[in-house]
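Me: Hi! I'm new to this structure and would like a friendly walk through it. Here it is.

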Amino acid sequence: MAFELPTLPYSKAALGAKNMSEETLDLHHGKHHQAYVTALNGFVEKDPALQGKSLEEIVTSTAAAGGPVFNNAGQHWNHIIFWQSLSPKGGVIPPKLEAKINEDLGSVTAFKDAFKAAGISQFGSGWAWLVLGPDGKLKVTKTPNGSNPLATGEGKVLLAADVWEHSYYLDFRNRRPDYLQNFLDVLANYEYAEAQL
Ligand code: MN3
């Protein structure tokens with residue numbers, strides 16, 4: 001069974017009102033994410049050792065070696081969570097998640113500052129994450145390229161922000177900090193994040 005591009009759980013026009021344009025989504029979902037899925041399926045077709053494995057199994061089993069299978073499997077996994085991390089009704093942190101953020105990260109402001117700093121300081125392409133660590137505490141982290149907390153063992157992902165240039169260049173040009181601020185303030189699906197706790 002081939003891997004498939006997931007359908008977006010909202011209309012592209014709805015995210016336009018949150019400063020992520022339809023043009024960005026057409027390219028990011030329809031071209032970039034699709035390209036990772038197509039490439040991954042090509043590798044699986046040629047390698048019997050990958051056949052029958054779940055996406056998570058491919059990511060974790062190729063993480064140490066890295067390379068093109070890991071990169072494309074990682075990016076497929078990352079984008080599946082990224083689309084869930086966005087919402088036309090985003091930006092509102094529900095009470096249970098807010099309490100957990102306050103307890104583990106100090107305050108909502110401290111969380112947003114840390115998340116933004118993680119995304120800004122990721123040199124080149126990569127991701128910023130909010131994870132629930134193995135110690136049961138929330139943690140903000142970042143990974144380069146197609147890597148992710150599943151590969152690094154840093155914990156369960158609650159929220160993902162893509163900081164590859166293709167995710168923000170059309171809407172924010174070179175202003176990655178503004179893209180991240182917009183993500184945190186109006187776009188992030190904190191209800192999804194809370195549901196992962
Ligand atoms: Mn991307």
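Me: Is Arg175 buried, exposed or partly exposed?
Reply: Arg175 is partly exposed, with a relative accessible area of 37%. Buried means under 20% relative accessible area and exposed over 50%, with partly exposed in between (1.4 Å probe, protein chains only). This is a predicted model, where local features need pLDDT of at least 70, side-chain atom pairs count only at pLDDT 80 or more, and totals for chains, interfaces and linings use all residues. Residues are numbered from 1 along each chain as its sequence is written, and side-chain values use heavy atoms, leaving out hydrogens and water.

Me: Which residue does Arg175 form a salt bridge with?
Reply: Asp178, with the closest N and O atoms 2.8 Å apart. A salt bridge here is a side-chain nitrogen of Lys or Arg within 4 Å of a carboxyl oxygen of Asp or Glu. Asp178 is partly exposed too, at 34%.

Me: How many salt bridges are there in the whole structure?
Reply: Five. One of them joins Glu154 and Lys139, at 3.1 Å between the closest N and O atoms. That pair links distant parts of the chain, 15 residues apart. Glu154 counts as buried at 17% relative accessibility, while Lys139 is partly exposed at 36%.

Me: New topic: which residues of helix α3 are buried?
Reply: Leu55, Ile58, Val59 and Thr62. They fall within an arc of 100 degrees seen down the axis of α3, so they line one face of the helix. The arc is taken from the directions from the helix axis to the C-beta atoms. Helices are DSSP runs of H or I, at least four residues, numbered from the N terminus.

Methods. Helices (H or I, at least four residues) and strands (E, at least two) are DSSP runs, numbered from the N terminus.
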